[in-house]
Amino acid sequence: MKLLLTLVREGLGRLIILLDWISRPRKAQRPADTQAQVEQDIQGLSLYQLYACPFCVKTRRAMHRLNLPIETRSVAQNSPYRQELATQGGAIKAPCLRIEEGNKVRWMYESGDIISYLEQRFA
Ligand SMILES: N[C@@H](CCC(=O)N[C@@H](CS)C(=O)NCC(=O)O)C(=O)O
């Protein structure tokens, strides 16, 4: 039964990845100097995520649409980032955006909040 559930979950995850790939939104186009500034600004951001998690796919789609090549860090089992997310972020839940603000770090959970934050800052 556990194996069956794992297979269904993995299958659905792969299907979501395929559907995402087929229906990728268009990337925002910016003048080269604006894009260079945006890429500088996202240096302090990293997305802790799981490859086939639907909420992570939704967040990565928004990043693609906004043309934000933010570093992604897998929190799959055995990844060192999983423990980092638990101890520093406070929970193992993906996605989570790590935001460096001066010498402080903010951990933002919830895909909807992350997408709103990115849209407000970069759209
Ligand atoms: N409401 C949250 C849901 C996030 C969520 O449930 N993520 C799952 C993966 S799809 C998770 O991190 N589960 C904990 C785990 O896999 O250990 C969001 O929109 O970001």
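Predicted model: local features only at pLDDT ≥ 70, side-chain atom pairs only at ≥ 80, totals over all residues.
Helices here are DSSP runs of H or I with at least four residues, strands are runs of E with at least two, and both are numbered from the N terminus.

View 1. Residues are numbered from 1 along each chain as its sequence is written, and side-chain values use heavy atoms, with hydrogens and water left out. Follow the chain along its sequence and you get the pattern α-α-β-α-β-α-β-β-α. Its C-alpha atoms fill a box of roughly 55 × 35 × 20 Å, taken along the principal axes.

**View 2. The largest pocket, with a volume of about 520 Å³.** Of its 18 lining residues, R9, E10, L50, A52 and C53 are the closest to the centre. Two elements, α1 (2-22) and α3 (54-65), each give two or more residues to this lining. The largest share, five residues, comes from α1. By type, the lining splits into 10 nonpolar, three polar and five charged residues. (A pocket is an open set of points on a 1 Å grid over the protein atoms alone, where a 1.4 Å probe fits, with protein on both sides within 12 Å along at least five of seven lines; lining residues have an atom within 4 Å of a point. Grid points are joined across faces, edges and corners, and the volume is the space filled by probe spheres set on the points. Ala, Val, Leu, Ile, Met, Phe, Trp, Tyr, Cys and Pro count as nonpolar, Asp, Glu, Lys and Arg as charged, and the others, Gly among them, as polar.)

**View 3. The ligand, sitting in the largest pocket.** "Sitting in" says that more than half of its atoms lie within 2 Å of the pocket's grid points. Around the ligand you'll find L50, C53, P54, F55, R82, I92, K93, A94, P95, E110 and S111, each with a heavy atom within 4 Å of it. This shell has seven nonpolar residues, one polar and three charged.

**View 4. Side chains of R82, E110 and S111 by the ligand.** A polar side-chain atom of S111 is 2.6 Å from a ligand oxygen atom. For E110, a polar side-chain atom lies 2.8 Å from a ligand nitrogen atom, while one of R82 lies 3.5 Å from a ligand oxygen atom. Taken alone, the ligand exposes 510 Å², and the protein buries 66% of that (areas by the Shrake-Rupley method with a 1.4 Å probe).

**View 5. A cis peptide bond between A94 and P95.** Omega is about 5 degrees here. P95 belongs to the loop between α4 (80-89) and β3 (96-101).

**View 6. N67, in the loop between α3 and β2 (71-74).** Phi of N67 is near 55 degrees, a positive value in a residue other than glycine.

Technical notes:
Polar contact = N/O pair within 3.5 Å; in protein donor to acceptor, adjacent residues only side chain to side chain.
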